Amino acid sequence: MNYLKCIECGKEYPNTEVLYTCECGGLLDVIYDYSRIDFTLDDLKGIPLSVWKYRKLLPFEGEATSLQEGGTPLYKCDRLAKKIGIKELYVKHEGMNPTGSFKDRGMTGGVTKALELGMKTLACASTGNTAAAISTYSAKAGVPAVILLPEGKVALGKLGQALIHGAKVISIKGNFDDALRLVKQLCYEEGFYLLNSLNPYRLEGQKTIAFEMVEQMNMRVPDRVLVPMGNAGNITAIHKGFKEFMKVGITEKVPKMIGIQPEGVCPIVKAFRAGTDEIIPEKNPETIATAIRIGNPVNAKKALRAISESEGMAESVTDEEIIEAQKELAQLEGIGVEPASATSIAGLKKLVKNGIIGTDETITCITTGHLLKDPEEVISVSSKSIVVDAAVEDIRRVLYK
Ligand SMILES: *Cc1c(COP(=O)(O)O)cnc(C)c1O
Ligand SMILES: [Zn+2]
């Protein structure tokens with residue numbers, strides 16, 4: 001019912017093969033025969049939101065390794081919308097997944113596939129959230145996991161998660177792109193199962209973000225969806241989800257996909273501006289948004305296609321704009337997100353200000369990870385708490401200052 005297909009040369013492979021890229025080096029997609037998938041509105045009725053609700057549109061056969069991922073809230077953000085100056089703003093808060101990021105959607109699928117294929121060890125390189133998810137889901141599945149991290153560049157909450165759930169955590173003296181190159185080699189040579197977003201089965205789990213969003217908007221589709229981009233798997237996955245809901249007849253359009261990167265590392269934005277799909281890797285990526293500190297995004301080609309097919313775009317934002325957006329989301333809407341997530345809000349602000357996004361549009365921003373992932377960043381950008389003697393008059397003195 002489904003198979004793998006190269007996005008470059010079109011070569012097809014059976015879904016029983018352990019494969020991450022085509023012989024030609026191209027990225028792989030999971031392809032279905034939609035004419036044989038009977039999926040209707042009745043498949044949605046009366047079932048709570050979750051990744052596995054959409055099993056008919058997923059390529060997994062075996063018993064799911066699940067911690068009840070998905071079903072994340074879609075918040076209508078009227079105060080922030082007013083401040084930014086648009087009609088209708090929603091935030092889909094993926095930080096509300098079991099380990100606090102959307103990576104869980106990909107990992108529940110990826111680990112389920114790993115077991116189907118009989119793989120004995122899971123592996124990934126990570127800026128933090130994939131590590132948290134792989135460690136957690138490997139514990140749930142009872143299968144060991146190996147993680148490569150860029151030393152000193154992983155937010156504290158994520159590191160703690162990777163460690164407590166029992167994965168083998170190895171910090172390398174290099175950046176994420178080095179870690180990914182090394183883990184790929186290990187997977188080929190040691191037979192580990194690679195669970196980075198190069199693995200097309202991870203993206204299949206993540207496409208359910210689109211399915212849920214449509215349901216949460218009463219079967220409407222927003223005009224635009226803004227997504228933080230690192231390796232750019234997620235924007236690709238969400239776009240694929242919207243396309244598939246259209247193919248099976250649930251919806252009638254696909255939103256414009258808008259990818260946002262930090263100015264300190266934005267190779268996809270640069271390629272978009274230059275009108276090419278050739279990425280120039282950035283050797284020294286730097287940003288406060290460590291989750292997307294990625295100089296050589298593996299899914300760039302897929303993402304640039306999703307962007308151009310949907311008539312979307314790519315934009316960059318500064319670290320200052322990211323921090324400001326993070327605080328506004330926290331203080332106007334009560335939504336706590338890590339810096340990478342706030343890039344979608346910061347990007348929206350910039351594009352409305354520049355007149356590119358119209359004030360009458362309906363927008364959804366994806367916030368990819370939870371505030372508590374990176375407590376050190378939060379404390380460093382917030383004002384300090386006030387220390388006083390334990391007496392009510394001392395408290396009163398500072399209250400109204
Ligand atoms: C992984 C991650 C991203 C980037 O997702 P890609 O699919 O690599 O583009 C963005 N934000 C957070 C919090 C993440 O964990
Ligand atoms: Zn190929």
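## Ligand surroundings

Ligand 1 has 15 residues around it, and K103, N129, N231, A232 and T368 come nearest; a residue is near if one of its heavy atoms lies within 4 Å. The model is predicted: local features need pLDDT of at least 70, side-chain atom pairs count only at pLDDT 80 or more, and totals for chains, interfaces and linings use all residues. Residues are numbered from 1 along each chain as its sequence is written, and side-chain values use heavy atoms, with hydrogens and water left out.

The shell is made up of six nonpolar, seven polar and two charged residues. In this grouping Asp, Glu, Lys and Arg are charged, Ala, Val, Leu, Ile, Met, Phe, Trp, Tyr, Cys and Pro are nonpolar, and the others, Gly among them, are polar.

The side chain of K103 places an N or O atom 2.7 Å from an oxygen atom of ligand 1. A polar contact is a pair of N or O atoms within 3.5 Å.

## Domains

An automatic or database assignment sets the domain bounds: domain 1 (1-32), domain 2 (74-100 + 202-381) and domain 3 (102-199). Ligand 1 lies between domain 2 and domain 3, because both give residues to its shell. The centres of these two domains, taken over C-alpha atoms, are 23 Å apart.

Definitions and conventions: Chains lettered and ligands numbered in written order. Polar contact = N/O pair within 3.5 Å; in protein donor to acceptor, adjacent residues only side chain to side chain.
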